Amino acid sequence: MATINANITISSNIMGYPTNINKSMSMKKLGSCHGLEETTGLSNKKFASTDAVVLIAHTEGTAGKANKVYMRNTGSSKAEHFYVALNGSAAAAGTTEAIGKLYGGDWMLMPWEATANASHSITVVPSTAEPMTIEWMIFQE
Amino acid sequence: MATTTASVSISSNDLQPGNRLSINATSTLMKTGLTTGLELMDMGKGHLTTATAADALIESSALAGDHDSANYFYLCNNATDDTFHILVAINATDVGRLNAGEWMFIPYAQADAGAEINITASGGTCPYEYAIFKSASTLAAATA
């Protein structure tokens, strides 16, 4: 059993007063007090086209478990992004269940169902053909 | 201009033997494709009871002008019983399961009118907290 800790801090002055969110978690197996044990390791890939690509295939995770996926656009441009989606086919945009856009420097950490179906693969679509890099890491049971 | 920043640190001493994991990232969240800060937020907390059907926590905008935009969503399952979890979905597609004490943070494009964020509790009632930070939101026309 491994111990994987993740902390988030969000601060904002959108309201007329400061808003702060601070939360820590230890990633655990589903319904268990034991920690996740496996990872793909930290990966990164440089893109130079706007083609949609399956970045994480559903086969890399285990369905119905408490998998987690971390992703970050390592760039700095707030004009360009990776569009992240759950998608059965990188080419079949019509089947996409879009998640959101990761602009330069943006990151995400989400639970991943990894249902044994291509519809739960994770697809990314760069917004530009200019070089842009994404990093990611899977944590699973 | 408002400033909203989101930071994460992920660490483990024993996930990869001989290779201590330490990830740190910070981002200043901006409006869609711009360098001006987000201007809308909504946050709250509640108790999610177990049910056979999901509950919509965040409704997607019905207005096309708000779709495919830069928004960010945070959710934490504040349950303390390890056997309780929250299943999160966008529209009818399951995203993943948050165990007791776990949180998530994702960009949320609200890609179309049906892209609501749905949650379902399993095991028992889950206290939760959430926040959403938005680029903008077009007000709907009055109905009366």
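Helices (H or I, at least four residues) and strands (E, at least two) are DSSP runs, numbered from the N terminus. The model is predicted: local features need pLDDT of at least 70, side-chain atom pairs count only at pLDDT 80 or more, and totals for chains, interfaces and linings use all residues. Residues are numbered from 1 along each chain as its sequence is written, while chains are lettered from A and ligands numbered from 1 in the order in which they are written.

Chain A contains 0 helices and 11 strands. Its pattern along the sequence is β-β-β-β-β-β-β-β-β-β-β. The radius of gyration, taken over C-alpha atoms, is compared here with the globule rule, 2.2 Å times the number of residues to the power 0.38. For chain A the radius of gyration is 16 Å, close to the 14 Å that the rule gives for 141 residues, so the chain is as compact as a globular protein of that length. Along the principal axes, the C-alpha atoms of chain A fill a box of roughly 45 × 45 × 25 Å.

Burial is counted from C-beta atoms placed from the backbone: a residue is buried if 20 or more other C-beta atoms lie within 10 Å of its own, exposed if 12 or fewer, and partly exposed in between. Of the 141 residues in chain A, 44% are buried. Two residues are in contact if their C-beta atoms, placed from the backbone, lie within 7 Å. Among contacts in chain A between residues at least 6 apart in sequence, 75% join residues at least 24 apart.

Strand pairing requires at least two bridges found by DSSP between the two strands. In chain A, 4 strands form an open antiparallel sheet in the order E5-E10-E7-E8. Strands E5 (53-56) and E8 (97-103) of chain A are the edge strands, and each pairs on one side only. Angles are taken between N-to-C directions, from 0 to 180 degrees, with axes fitted as lines to C-alpha atoms (for helices, over the stretch in contact). E5(A) pairs with strand E10 (residues 122-126) of chain A in the antiparallel sense over 3 bridges. Within E10(A), A:Val124 stands opposite A:Val53.

Chain B also has an open sheet, in which 4 strands follow the order E4-E9-E6-E7 with antiparallel pairing. Strand E4 (55-58) and strand E7 (93-99) of chain B stand at the edges with a single partner strand each, so one side of each is left without a neighbour in the sheet. The twist averages 35 degrees from one strand to the next. Strands E6 (residues 85-90) and E9 (residues 117-122) of chain B run antiparallel and are joined by 6 bridges. B:Thr120 in E9(B) stands opposite B:Leu87.

Strand E8 (residues 103-107) of chain B has 5 of its 5 residues buried, so this strand is largely enclosed by the rest of the structure. B:Trp103, B:Phe105 and B:Pro107 point one way from E8(B), and B:Met104 and B:Ile106 point the other way. E8(B) pairs with strand E5 (residues 72-77) of chain B in the antiparallel sense over 5 bridges. B:Pro107 in E8(B) is the bridge partner of B:Tyr72.

The two chains meet over 55 residues of chain B and 50 residues of chain A. On the chain B side, E1(B) gives the largest share, 9 residues. That side divides into 30 nonpolar, 19 polar and 6 charged residues. Here Ala, Val, Leu, Ile, Met, Phe, Trp, Tyr, Cys and Pro count as nonpolar, Asp, Glu, Lys and Arg as charged, and the others, Gly among them, as polar. Strand E1 (residues 5-12) of chain A and E1(B) run antiparallel and are joined by 8 bridges. A:Thr9 stands opposite B:Ser7 in E1(B).

A nonpolar core is a set of buried Ala, Val, Leu, Ile, Met, Phe, Trp, Tyr and Cys residues joined through C-beta atoms within 7 Å. The largest such core has 74 residues, of which A:Val69, A:Met71, A:Val84, B:Leu75, B:Met104 and B:Phe105 touch the most other members. Not counting residues up to four places away in sequence, A:Val84 touches A:Met71, A:Ile99, A:Gly100, A:Leu102, A:Ile122, A:Val124 and B:Pro107.

A:Gly41 lies in the loop between strands E3 (38-39) and E4 (43-47) of chain A. With 10 C-beta neighbours inside 10 Å, A:Gly41 counts as exposed. Beyond four places in sequence, A:Gly41 is in contact with A:Met137 and B:Gln16.
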